[in-house]
Amino acid sequence: MSLEVRIRKDLGSFSLDVDIKAGAETLGFLGASGCGKSLTMRCIAGIERPDEGFIKVNDRVFFDSAAGVNLTPQERKTALLFQNYMLFPNMTIEQNVAAGIGKGVSKADASAIVERELARFSLSGFEKRYPAQLSGGQQQRVALARMLAASPDILMLDEPFSALDSHLKSLLEQNLVDLFDAFTGTVLYVSHDIDEALRFCDRIAVVDRGRILEVDSGDELVNDPKSEAALKLSGCKNSVPYVRVAERMVWVPRWGVHVGTAKPVPFEEGYLGVRAFYLERASGPGSNCFRVRVDRMSDSRFDRSVLLAFLDRDEEESATVTREDDEMRFLHQHLFWRVDKLACPADELPRLGEELWVRIPEDKIYIVQR
């Protein structure tokens, strides 16, 4: 089982330029909305036509611009699950599941396939019902049963949980576990949620403005990101441009401060990242210790999120932007800090307007160039 994609498509606002290979695995496509994740899947499925390139699944060429090959969606044997499941409202559940089975399959074999997939997803007894008579979770299971009944060469899922609340999402995720256990080929999984991608995917491709910047395991993406897009997508709240000033020292214009690093800085310019929960409260001046003020604060069940303004900015090298000047630039001057309310005594939690010292641990800093 394998997938090979090398395609280009000009969209005016940006160009899709994808070059990737996958085996019998679940490969995640992680990126912001409009970056080209879903478009790549639609090109593989034959819904969209690339301007040029090559698509091959299990040694079968789906598209080859040089050779003039462009199979129809029906010829490609792909299974693409959209966010709204795309069930036929006027067909029963068993008819929906059977809809993807090839015409060359006998009626008896098709009935056996439908029965098997309905049982796999705990839908036995729902055969004669219609989609409108089922819950959202049951409709999703019908869509997954239809995917497997079609015996596709590749499975593709396009943000299947984007419209669900967190409680229902956690329940329905178990349906995908059953799907992945039953399928032995390549699965492509589109998401903009890093935690969702980590739960399901063997590897994760970081997609940004139509290009794949890196492909790593989940652990590598979180612990050793290699691009600014990966920094942000992995949940790093503090990602800012820097300028190298020494082997282990950078200047951060947005913050107006110098920051030391544990590892040598390999690039003259790039991006510095530090996760919000790695910041530490400090008692005073020291290595990577900064005097700050709490400008904004919000509470969740277990965390307090805080925006910190640097009080000792080097104003000669970095001008301060006020909220009246530019709201977004004003916010980008701040350091984001997440405090664990369960681990921190209530009287030591940072308060709005409070001035205090924080430390950025040198060994918790990411340095990337792209």
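Three elements each supply at least two residues to the lining of the largest pocket: α2 (73-76), β7 (78-81) and α5 (136-149). The model is a predicted one. Strand β7 gives the largest share of that lining, 4 residues. The pocket has a volume of about 750 Å³. Its lining counts 20 residues, and the closest to the centre are Pro73, Thr78, Ala79, Leu80 and Gly100. What kinds of residue make up the lining of the largest pocket? The lining divides into 15 nonpolar, 3 polar and 2 charged residues.

Now turn to helix α1, which spans residues 37-45. Is a residue of this helix such as Leu39 buried or exposed? Leu39 is buried, and so are Lys37, Thr40, Met41, Cys43, Ile44 and Ala45. That makes 7 of the 9 residues of α1, so the helix is largely enclosed by the rest of the structure. An α-helix has 3.6 residues a turn, so residues three or four places apart point the same way. After α1 comes glycine 46. The phi of glycine 46 is positive, near 90°.

Next, find the open sheet. It is formed by 5 strands, in the order β16-β20-β17-β18-β19. The pairing is antiparallel. Which strands stand at the edges? They are β16 (280-282) and β19 (335-340). Each of these has a single partner strand, so one side of each is left without a neighbour in the sheet. Neighbouring strands of the sheet are turned by 50° against each other on average, direction ignored.

Look at one pair of strands inside that order. Strand β17 covers residues 289-299, and strand β20 covers residues 355-359. They run antiparallel, and 5 bridges join them. Take phenylalanine 290 as an example: its bridge partner in β20 is valine 358.

Side chains of opposite charge can pair when their charged atoms come close. The count of salt bridges comes to 23. One of them joins arginine 291 to aspartate 312, with the closest N and O atoms 2.8 Å apart. Where do the two partners, arginine 291 and aspartate 312, lie? Arginine 291 is in strand β17, while aspartate 312 is in the loop between β18 (303-310) and α10 (327-332). The pair links distant parts of the chain, 21 residues apart. Arginine 291 has a relative accessible area of 28%, so it is partly exposed. Aspartate 312 is partly exposed too, because its relative accessible area is 45%. Elsewhere, salt bridges that share partners join Glu4, Arg6 and Lys56 into one network.

Aspartate 17 forms a salt bridge with arginine 8, and their closest N and O atoms are 2.9 Å apart. Are these two partners buried or partly exposed? Aspartate 17 has 27% relative accessibility, so it counts as partly exposed. Arginine 8, at 34%, is partly exposed as well.

The other pair is glutamate 247 and arginine 248. Their side chains meet in a salt bridge of 3.4 Å, N to O. Glutamate 247 counts as partly exposed, because its relative accessibility is 45%. Arginine 248 is partly exposed at 38%.

Methods. Residues are numbered from 1 along each chain as its sequence is written. This is a predicted model: local features need pLDDT of at least 70, side-chain atom pairs count only at pLDDT 80 or more; totals for chains, interfaces and linings use all residues. Side-chain values use heavy atoms; hydrogens and water are left out. Two strands pair if DSSP finds at least two bridges between them. Axes are lines fitted to C-alpha atoms, for helices over the stretch in contact, and angles run from 0 to 180 degrees between N-to-C directions. On a 1 Å grid over the protein atoms alone, a cavity is a set of points where a 1.4 Å probe fits but cannot get out, and a pocket is an open set with protein on both sides within 12 Å along at least five of seven lines; lining residues have an atom within 4 Å of a point. Grid points are joined across faces, edges and corners, and a volume is the space filled by probe spheres set on the points. Ala, Val, Leu, Ile, Met, Phe, Trp, Tyr, Cys and Pro count as nonpolar, Asp, Glu, Lys and Arg as charged, and the others, Gly among them, as polar. Buried means under 20% relative accessible area, exposed over 50%, partly exposed in between (1.4 Å probe, protein chains only). A salt bridge is a side-chain nitrogen of Lys or Arg within 4 Å of a carboxyl oxygen of Asp or Glu.
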